Amino acid sequence: MPVAPEIQTILDAIKALNVPAWDTLTPEEARAMPRMALGAPEEVARIEDRSIPGPAGSIPVRVYTPAGDAPFPILVFFHGGGWVIGDLESHDPVCRALANAAACVVVSVDYRRAPEARFPAAAEDCFAATAYVAGHAAEFGGDPSRLAVGGDSAGGNLAAVVSLMARDRRGPRIAFQLLVYPVTDFNFETASYQQNAEGYLLTTNAMRWFWNHYLPSPDEGAHPYASPLRADNLSGLPPALVITAEFDPLRDEGNAYGEALRAAGVPVTVHCYDGMIHGFFNMFTAIPQARAALDEAASALREALARSPQLMT
């Protein structure tokens, strides 16, 4: 099917503004680009900014607590932005919405970004944050036996990688991973990269730009903590929901990661949203399919995190 009409309207508006391509900017210029605001953010019962210890100093986090009685399930969330842009503010609306819709505490992690801190800095920050939250869950009003990780794009990559790290390092115990159009492979040769190279917000050249800033050298792209699709063994990982978009360069690697998890015996749902582009998940206030994706994510979180620990894979 063609791009959804609501998405095409957004693409046309961005084109009319002559917004420069990310790969023509410096990281500082890209971070300073105006952000698209679609609707007012939801009210959340409580929001707190705090810092937690990390491998290279303190890590800022933002904690979203829904209405209700603690202890809540916990989602440790990693923002997208190609490991270069994005921050707590860019993903504030989606974290608010997930906290409300999934009735869970969301801990959004402001990990170190490239190129100032290249791979594996972001992954190690995200793992450290997840381990800290698991070990101090009561401080966050959460239940450590109902802990999930999640993120979009580069954040989806980091959620998948933290799940691998937690398995390899024997903890913390993660009950679920929410992977929204995740980066899973340092590979620009898939059909979706060829079909969606330009014209759909995220381009192939932009992804090369992001990867070039993230990796210390191209050889590092083969490491499973950079490209989780290349891991030799995906067994024993948490159940997952993988959301992808039809008109996204990352579509095929996200779908492939879901199928690889399934082949390894991991319970997984893979849902590719027709007519959507990279970034659509954050457009939930304006695009019906995006709201449906957010509701699917929240429903999956509620179901996975409501199970008793004995029943979790």
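**Figure 1. Confidence along the predicted chain.** The mean for the chain is 96, and 98% of its residues reach 70 or more. Helices (H or I, at least four residues) and strands (E, at least two) are DSSP runs, numbered from the N terminus. Residues are numbered from 1 along each chain as its sequence is written, and side-chain values use heavy atoms, with hydrogens and water left out. Because the model is predicted, local features need pLDDT of at least 70 and side-chain atom pairs count only at pLDDT 80 or more, while totals for chains, interfaces and linings use all residues.

**Figure 2. The fold as a whole.** The chain holds nine helices and eight strands. Its radius of gyration is 18 Å, close to the 20 Å that the globule rule gives for 313 residues, so the chain is as compact as a globular protein of that length. The radius is taken over C-alpha atoms; the rule is 2.2 Å times the number of residues to the power 0.38. The C-alpha trace spans about 50 × 45 × 40 Å along its principal axes. Of the 313 residues, 55% count as buried. Buried means under 20% relative accessible area, exposed over 50%, and partly exposed in between (1.4 Å probe, protein chains only).

**Figure 3. Helix α7 and its neighbours.** Helix α7 (residues 204-214) is mostly covered, with eight of its 11 residues buried. Among them are the aromatics W209, F210, W211 and Y214. The buried residues of α7 pack against α2 (27-31), α4 (121-135), α5 (154-168) and α6 (191-195). Contact means heavy atoms within 4.5 Å.

**Figure 4. D92 in helix α3.** D92 is found in helix α3 (residues 92-102). Its relative accessible area is 9%, so D92 is buried. Leaving aside residues up to four places away in sequence, D92 touches P41, R62 and Y64.

**Figure 5. P71 in a loop.** P71 is found in the loop between β2 (57-65) and β3 (72-78). At 48% relative accessibility, P71 counts as partly exposed. P71 touches G141, G142, D143 and R146, not counting residues up to four places away in sequence. From M1, P71 is 70 residues away in sequence and 44 Å away in space, C-alpha to C-alpha.

Conventions. pLDDT is the predictor's confidence in each residue, from 0 to 100.
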